[in-house]
Amino acid sequence: MRKVLAAALTLAVAVAGTSALAQGRGNAGTKLAWFQRHTIFHSGLVGSHTVALTFDDGPNRHTLEVLAVLKNYDIKATFFIVGRMARANPRVLDEIAAQGHLLANHSNTHPFMGSSYDADPQKLIEQVKPVNNEIAPLMPRDTQLFFRAPFGAWRFAHATILNADPTLKRYIGPIYWDVGGEIRMDAQGYVMSSADWECWHKRWPAQVCAKGYLREIRRENGGVVLMHCIHSQSGALVADVVPALIEEGYRFVRLDQVPAYDKYKTPPEKAPLVAVADAGDTGNAPEQGWPASVLPY
Ligand SMILES: [Zn+2]
């Protein structure tokens with residue numbers, strides 16, 4: 001049964017791919033809107049004194065602690081939800097939406113989506129669609145949906161497969177980040193950049209981890225910030241970072257308020273397809289190679 005399904009899907013994808021190719025002909029170096037062939041690295045927020053906080057891998061009970069801090073400062077953020085976490089913590093998921101944050105899609109079970117997900121399109125769709133079914137009903141109609149790939153792993157063919165689905169093609173993604181990817185120290189031993197999961201792995205206090213985030217945000221003067229909302233110190237980290245940024249006059253936005261992503265929006269039905277300029281990406285997202293022991297799960 002699965003083989004028959006996969007064959008049918010492959011055919012559908014092949015047809016969709018041909019039509020997309022035809023529409024894009026004559027536009028060498030351009031890509032169609034929707035799911036992109038390359039990870040979207042450019043947020044346009046660097047240098048803008050504007051920050052988009054993004055929280056991956058939740059929800060769980062620690063997400064409530066993050067929500068309390070955000071509520072205290074009246075800041076809206078974006079939460080990249082993992083489907084199996086949402087099903088285990090449905091009330092927390094509801095609470096994120098109720099507080100006015102943007103729900104986004106971070107896959108169903110957080111796998112490394114390599115070539116086996118192209119070989120079996122249904123396997124890829126089953127990583128994206130169940131999460132959509134969890135989050136879309138909690139967002140106002142016509143809310144722009146976003147996707148971030150687990151571990152930043154992405155392949156050209158993923159976009160073709162997902163854009164053939166009438167619901168999933170409404171997504172913008174995969175979205176990367178500007179701040180929060182790694183810990184870096186300077187020669188004197190000061191932490192210049194942080195990555196929260198690595199901070200916790202090193203057993204750093206939230207205050208030390210926050211210094212890395214703050215220094216990187218100040219250097220970049222804004223950006224999409226990668227954090228997680230599922231650790232015991234997640235709330236404390238946000239509580240150390242946010243007030244300092246407010247004090248310095250930073251603005252906070254959700255990803256659906258980032259103008260640089262507008263060009264990836266799915267055109268309305270019946271409107272002609274529009275090819276958009278290449279985001280300037282040079283290849284797939286770097287595969288981080290994070291050791292399994294450091295990962296949230
Ligand atoms: Zn993740």
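Helices, taken as DSSP runs of at least four residues, are numbered from the N terminus, and in this predicted model one of them, helix H10, spans residues 234-247 and includes Val-238. Val-238 counts as buried because 28 C-beta neighbours lie inside 10 Å of it, where the cut-off for burial is 20 or more. When neighbours within four places in sequence are left aside, the contacts of Val-238 are with Val-66, Val-69 and Leu-70. The C-alpha atom of Val-238 is separated by 10.0 Å from that of His-228, a residue 10 positions away along the chain.

The three contact partners Val-66, Val-69 and Leu-70 have numbers that fall in the range of helix H2, residues 63-72, through which the chain passes on its way from strand E3 to strand E4. Strand E3 (residues 50-56) is joined to E4 by 3 bridges, and the two run parallel; within this pairing, Thr-54 has Thr-78 in E4 as its bridge partner. The β-α-β crossover that leads from E3 through H2 to E4 is right-handed.

Strand E4 itself covers residues 78-81, with Thr-78 and Phe-80 pointing one way and Phe-79 and Ile-81 pointing the other way, and all of these residues are buried. E4 also pairs with strand E5 (residues 102-105), again in the parallel sense, over 4 bridges, and here the bridge partner of Phe-80 is Ala-104 in E5. In general, the strands of a sheet pair through backbone hydrogen bonds, in either a parallel or an antiparallel manner.

An open sheet is formed by 3 strands in the order E2-E7-E6, with parallel pairing. Strands E2 (35-40) and E6 (145-146) stand at its edges, and because each has a single partner strand, one side of each is left without a neighbour in the sheet. Strand E7 (residues 171-175) is joined to E6 by 2 bridges, the two strands running parallel, and Phe-146 has Ile-172 in E7 as its bridge partner.

Among the helices, the axes of H6 (residues 121-135) and H7 (residues 156-163) come within 10 Å and cross at roughly 75 degrees. This angle makes H6 roughly perpendicular to H7, because angles of 65 to 115 degrees are classed in that way. The contact brings Pro-121, Leu-124, Ile-125 and Val-128 in H6 together with His-158, Ile-161 and Leu-162 in H7. Sorted by class, the residues in the contact of H6 with H7 comprise 6 nonpolar and 1 polar, with no charged residues.

Notes
Residues numbered from 1 in each chain as written. Predicted model: local features only at pLDDT ≥ 70, side-chain atom pairs only at ≥ 80, totals over all residues. Buried ≥ 20, exposed ≤ 12 C-beta atoms within 10 Å, placed from the backbone. Contact = placed C-beta atoms within 7 Å. Axes fitted to C-alpha atoms, helices over the stretch in contact; angles between N-to-C directions. Parallel < 35°, antiparallel > 145°, perpendicular 65-115°, else oblique. Nonpolar A, V, L, I, M, F, W, Y, C, P; charged D, E, K, R; others polar. Pairing = 2+ DSSP bridges. Right-handed = clockwise from strand over helix to strand, strands pointing away.
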